[in-house]
Amino acid sequence: MPDNLPSLSSAIRDALLTGDPRAKAMATRKLVRDWRLGRLAFVFDCDMPDEPARPDRPELLPPNQMPKRRKGGSERGRIALWHAVAHIEFVAIDLALDMAGRFGESMGEAFVDDFLSVAADEAMHFALIDRKLHAMGSHYGALPAHAGLWQAAQDTRHDVAARLAVVPMVLEARGLDVTPAMLERVRSQGDENGARILERILDDEIRHVRFGTKHFDELCRARDENPQESWRNLVERHFGGRLKPPFNDSAREAAGLSREYRTGIV
Ligand SMILES: [Fe+2]
Ligand SMILES: [Fe+2]
């Protein structure tokens, strides 16, 4: 490999430090393409930032100060719903980049391949929803958003097992549980385009959770630990909350999350 190639870690760091939402999504897709084409060296010569760059808007509010969303199908309600999803996808880009950039050196190239493909998916999800918000006469940043989403990354930045246990295996798995009901609601409101976006996201998220489960299981096997038991301990220590039903059992099974991955936590 020629040694004049830029390092993977500096490319990931640059994308994390891009604040403008569309520019971050584009930088992420470009870096993943560059990685696949062999234009970046598997070299980790810089640290990941503790906080990725964010745009000035949306204003980030603690969860208890977020305006209540009404369930009805009013245009304002629909915009609020898609705005909330856009924010989750935006932060998911940073979560996937940080996973690859922070833990890639110790976890290896297959791990980097997997989580960079997650980052590219999240950038695509964000772009699809951003386009939808524009079509509805709004945009990402028009409403306040939830401040807590990066917290899980902060709390688990020193331990890849904790990061895998909490981010893909709890938070993204939660997405598998709640998306079907949202999909049904969107479809019943006659928004077929929205329903198709959510179907695509649900499909991709199964793969994201599966990557988390796969690397977590491998890590536990290498450490001679029982995966379900370690997962339970890590979730108790770093997540705290209980997992709430309903559970999307078929999607969870497809993602390698057997029922044992919630016994004792529900
Ligand atoms: Fe996503
Ligand atoms: Fe995801």
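## Terms and basis

A residue is called buried when its relative accessible area is under 20%, exposed when it is over 50%, and partly exposed in between (1.4 Å probe, protein chains only). The model is predicted, and local features need pLDDT of at least 70, while side-chain atom pairs count only at pLDDT 80 or more. Residues are numbered from 1 along each chain as its sequence is written, and side-chain values use heavy atoms, without hydrogens and water.

## Helix H8

Helices are DSSP runs (H or I, at least four residues), numbered from the N terminus. H8 contains 12 residues and spans 16 Å from its first C-alpha to its last, close to the 16 Å expected at 1.5 Å a residue; the expected span is 1.5 Å times one less than the number of residues.

The buried residues in H8 are Pro 227, Gln 228, Ser 230, Trp 231, Leu 234 and Val 235. They lie on the same side of H8, because they cover an arc of only 160° around the axis, the arc being that of the directions from the helix axis to the C-beta atoms. Their cover includes H6 and H7.

## The nonpolar cores

A nonpolar core is a set of buried Ala, Val, Leu, Ile, Met, Phe, Trp, Tyr and Cys residues joined through side-chain atoms within 4.5 Å. The largest such core has 70 residues, and Trp 231, Phe 216 and Leu 31 are among those with the most contacts inside it. Helices H1, H2, H3, H4, H6, H7 and H8 each give two or more residues to this core. Apart from it lies another core of 7 residues, including Trp 150 and Val 166.

Contact means heavy atoms within 4.5 Å. Leaving aside residues up to four places away in sequence, Leu 31 touches Leu 8, Ala 11, Ile 12, Ala 15, Leu 40, Leu 97 and Leu 116.

His 125 lies in helix H4 and Glu 205 in helix H7, so the pair ties together parts that are 80 residues apart in sequence. Both His 125 and Glu 205 are buried.

Key: Chains are lettered from A and ligands numbered from 1 in the order in which they are written.
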